[in-house]
Amino acid sequence: MSNIRHALSVKREDDFAAWYQAVVSEADLAEESGVRGCMVIKPWGYGIWERIQRLMDDRIKATGHENCYFPIFIPLSNFEREADHVEGFAKEMAVVTHHRLIADNDGKLIPDPEAKLEEPLVVRPTSETIIGDAMSRWVQSWRDLPLLTNQWANVVRWEMRTRMFLRTSEFLWQEGHTAHADAAEAKEHTKRMLEVYRACAEDDLAMPVIAGEKPENERFPGAVETWSIEAMMQDGKALQAGTSHYLGTNFAEASNIRYQDKDGGQQLCHTTSWGVSTRLIGGVIMTHGDDDGLRVPPAIAPWQVVILPMLRDKPEDEALLAYCEELRAGIAGKSALGEKVRVLLDKKPGKAAAKRWDWVRKGAPVIIEVGGRDMDNGCVSWIRRNELHRPDGKLNSLVTSRDSMIDGIAAELERTQNELFKEAEDRREANITRGIGSMDALTAFYTENTKFPGWVEVQWSKPTGDALEKVVEQLKALKLTIRNVPVDADPVDGNCIFTGEPAVERIFVAKAY
C-alpha cells in the first residue's frame, strides 16, 4: 500500500495532531478567526453541523421537548447562588463589565469609566442558572410538570489550549433543561436523553460510543450524577461526545423552583440538563477521516452525491449538462436512510481532477464523474469515498450505466453508513485492553505503549473523597482519566487495582481530548 499517493501531505500514523489540522483546513471545514479560540465554520463544516442539528433536534422533540431561547448574558448574581456551579466554571468565565467605549488621549478605544455596569454580566458558559430563574416562574403546580425545554445556542468558556471543533472558547451546542416532580422521574429522564445521544452518535454519525456514569470527580459542577457517551478516536484517545446530568434539587433550591403538590404542599423540583456540541464534528473527523481527508457518513453529509461534469468550454457541454441534470433528478428522486437523497450537480469551472480531489478531501460519500464518452455510452464513472484506492494504488474508479447508478444509489449510501460504523466499532474493540489487575501493570502498559495505546478496562471499588483524589493523582501522573462506568459492563470478579478493596464496578481509563 506504500505506493498509494494520498491527498493530504501528512499521515495519521506520522503526526495525528497535524493530520487533524490538515483535515480541518483541506476539507474546507473551518478556519481561524483572528480571535484566539474562536473559529469561522465554513459552509461544508456548517452544513455537517446543520445535519447533526436537524437529526438531533428531531430526536429531542420526539421525547416531548420544546425549543426556546435564553439571553447570552447572565447576571453574576445568578451564579453566586449556586456555589459548586460557579466554582466549577469560575476560571472559564468571560465577563462584561462596561457598556460603552470612548477614545483616550491617543485616540485608542477604551472602556468608559462612567459606563461601568452595576452588576457584571457573564457571557453564557451554560444556562442552568438563568433557565432556573425562568423555571421558578413557569412552574407553580404539579400540573406544570414535567417541564421539558431545549435551546440551540452558542456558549463561551475561556479555554487556554484550543483546537478547532474539539476545544474552542466559543462553540455551538444544544442544552436541554427539565424539571420533574421527583428524583425517580428525573433520573429516568437523564438516562433517556443519554440514550438519545447514543442513538444519534451511532445511527447518524456512525460513531460507536460507550454509555456510562462518570465518577464523582468528573461530575458536572453542581450535579448529583453525570452520565456520558465516550468515543474512541483513531489515535486511541477518548472523546467525551455528550453528557447528561441529574442535578437533584441543588439548582431548584438555589433558584426557588417549587411546585404545589396534589395535597397542597410545596415541593422542590428535581432538574436535569444535558448537551452536545460542535465537538461532535471533531469526533467525526477523528473517527472516520483517512490520509486523503474526511469521510462523512451519508446521514450527516450535506451532499451525499456529487456529480462532476467534465466540461470543456465547448458547444457539446450543453448536452453533457442536460445528461447530468437528468442523472441528478433521478438520484434526487430516490430515498436513503429515511430521507430524499441530497445530490449536487457541481457546475463550477475548474479541471475535473482538481474538483474530484476537492470533494475527496471533503469526504462526499459518492463522487460521480461524467465525460462525453460516458454520455455517449449511457453510463457514468464514479468512486466510493470509502474505497478510494485499489490495492495497486490507483483510484478505484467504477463504471456503471446511468440507470443502474440511479437505481442503486440508496443501497450504496446505506452500505457506506453501515461500513463506517462497523470499521470504527471493530477498531475500538481491537484497542480495548482487559485483564490488567494492578496499578503496576497499568503503569507498565501505558509506559510501554506510548503512541496509540487505546483504552483499558479495570475493576474498581468506587472510592470517594480523599481515596478518590489519590486515584486521580495516580492517573494524572500517567496522563490518564477515568472515562465512565459502562452501563453494560460485565460483572466484577476481583479487587480494585487502585485500592485493593473488593471491586463493585468496571471502568474505562484512557488518555482523552
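This report describes selected helices and strands of a predicted model.

## Basis of the description

The model is predicted: local features need pLDDT of at least 70, side-chain atom pairs count only at pLDDT 80 or more, and totals for chains, interfaces and linings use all residues. Residues are numbered from 1 along each chain as its sequence is written, and side-chain values use heavy atoms, with hydrogens and water left out.

Helices (H or I, at least four residues) and strands (E, at least two) are DSSP runs, numbered from the N terminus.

## A buried helix

Helix α8 (residues 279-288) is mostly covered, as ten of its ten residues are buried. Here, buried means under 20% relative accessible area, exposed over 50%, and partly exposed in between, with a 1.4 Å probe and protein chains only. Among the buried residues of α8 are Arg279, Gly282, Met286 and His288.

These buried residues pack against several elements, including α1 (16-26), α2 (43-62), β16 (270-277) and α12. Contact means heavy atoms within 4.5 Å.

## Helices α9 and α12

Helix α12 (residues 402-430) also meets helix α9 (residues 317-332): their axes come within 9 Å and cross at roughly 25°. That makes α9 roughly parallel to α12. Angles under 35 degrees count as roughly parallel, over 145 as roughly antiparallel, 65 to 115 as roughly perpendicular and the rest as oblique. Axes are lines fitted to C-alpha atoms, for helices over the stretch in contact, and angles run from 0 to 180 degrees between N-to-C directions.

In this contact, Tyr323, Glu326, Leu327, Gly330 and Ile331 of α9 meet Arg402, Met405, Ile406 and Ile409 of α12. The contact residues comprise six nonpolar, one polar and two charged. Ala, Val, Leu, Ile, Met, Phe, Trp, Tyr, Cys and Pro count as nonpolar, Asp, Glu, Lys and Arg as charged, and the others, Gly among them, as polar.

## An enclosed strand

Five of the five residues of strand β21 (residues 366-370) are buried, so β21 is largely enclosed by the rest of the structure. Val366, Ile368 and Val370 lie on one side, with Ile367 and Glu369 on the other. In a regular strand the side chains alternate between the two faces of the sheet.

Strand β21 pairs with β17 (residues 305-309) in the parallel sense over five bridges, and Val305 stands opposite Val366. Two strands pair if DSSP finds at least two bridges between them. Four bridges join β21 to the antiparallel strand β22 (residues 379-384), where Arg384 stands opposite Val366.
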